[in-house]
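Let's walk through this model together, starting with how the chain is divided and then looking at where two of its parts meet.

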Amino acid sequence: MLSKEFSPVSVHDCKALDLLATSVFMLDQNGCICWVNNAGQNLLERSARSLQGLAARHLFEESDVFAHAFDAILNEHFSSLGLLAGIQKTPGQNPEKLLVNVTLQRLSYTPWSVILELREIEQHTLAERNERLIKELEIYQETFRNLGHEVKNPLGGLRGAAQLLEMELGDPSLREYTQVIIAEADRLQELVDRLIRPGQGNLNLSLINIHEICERVWALLKAEYRDDITLVRDYDASVPEMKADMAKLLQAYLNIARNAAQSLMGSKIRDKPCITLRTRILNRHLLLNKIHRLVVVVSVIDNGAGVPEQLHDRIFHPLVTGRPDGTGLGLSLAQDFVRQHGGLIEFDSVPGRTEFRMLLPLENR
Ligand SMILES: Nc1ncnc2c1ncn2[C@@H]1O[C@H](COP(=O)(O)OP(=O)(O)OP(=O)(O)O)[C@@H](O)[C@H]1O
Ligand SMILES: [Mg+2]
């Protein structure tokens, strides 16, 4: 941000701002652009002349949010203000969207009322990584789904043939072998069914309180792990009700919580095993390249050994597991269910603290 002492009195004084990489705009008391530096023109791919006189709010996707911020500055509620916003780079049929950090600062004793700074948000952010992950997941799921359908039919035939064979067998001791075939076919069938299921079916939406889900998971963990794990509830009571598919979100949260419990039970740790179920609300949060006014964060935090380093990049892929008896479908299914709600599951993990969080946008729900 430019220093508060910065107080140009003429366009000539502003010339030094042309050397900056940050986009700088001088606005009059109506919020119209009077002057723009070179970086600003480059960012918007528009000339100074075409920008002069334009109301700055028209640059922004949420022009009312900018207008409110501008009023707050002008009416001296704040001397400077920062926000995250989306701008339309080139007007027309295919406008390119850009995410920027916006800073507004009131000016005194200058021909202009407010200085506006825009800084493009780094492209290699978490948001971009997440978007790549989602695309990867969609490809994986499609592949596995197709494979599942291919395996399903011959598997049914195999099981049926084993049953017929069993009926023809004179020696009952040989049935042990057909039973192995039938049991293994059933196990594979179950796996295939789980692979095919994600992504299918519409959301069964109703108005829910996210804490109902947390409480159900808490009760299930309590019943399963009794005194082995300390369970902490840390809820933000201000989280509003939301429209969601209760069963799918419950399944997603349970899969995450079970993983935490399994990790705690499977590794030796110094402290008493502990799981915290936490809810929070975020204002104006960037999620999958879109700014959401309200995002609910529902986390499971454990003090276990952490996610093995080699799994970090592909933990949400189907069939990726770090447990000998794991199928590696829990997180991929959970991610799929949360994605269907327009949200995302993220995680951070170091030995002693692992947090998996479901981020769920609230608007339009
Ligand atoms: N909280 C956690 N702490 C440490 N490792 C974790 C945690 N959560 C997940 N993992 C790792 O991620 C792997 C993948 O989890 P996922 O739920 O997808 O499959 P799974 O638990 O192995 O099998 P499934 O859930 O299908 O029975 C786990 O095997 C485990 O190694
Ligand atoms: Mg699991």
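This is a predicted model: local features need pLDDT of at least 70, side-chain atom pairs count only at pLDDT 80 or more; totals for chains, interfaces and linings use all residues.

Residues are numbered from 1 along each chain as its sequence is written, and side-chain values use heavy atoms, with hydrogens and water left out.

The chain falls into domain 1 (11-120), domain 2 (126-196) and domain 3 (206-361), with bounds from an automatic or database domain assignment. Taken over C-alpha atoms, the centres of domain 2 and domain 3 are 28 Å apart.

Now look at where these two domains meet. Here 15 residues of domain 2 are in contact with 16 residues of domain 3, contact meaning heavy atoms within 4.5 Å. Together domain 2 and domain 3 bury about 1500 Å², 67% of it on carbon and sulfur atoms; buried area is the accessible area (1.4 Å probe) that two parts lose on being put together, summed over both. How many salt bridges does the rule find across the interface of domain 2 and domain 3? It finds 0, where a salt bridge is a side-chain nitrogen of Lys or Arg within 4 Å of a carboxyl oxygen of Asp or Glu.

Finally, turn to helix H4 (residues 63-74), where Phe66 and Phe70 lie 4 residues apart, about one turn of the helix; helices are DSSP runs (H or I, at least four residues), numbered from the N terminus.

Technical notes: Chains are lettered from A and ligands numbered from 1 in the order in which they are written. Helices (H or I, at least four residues) and strands (E, at least two) are DSSP runs, numbered from the N terminus.
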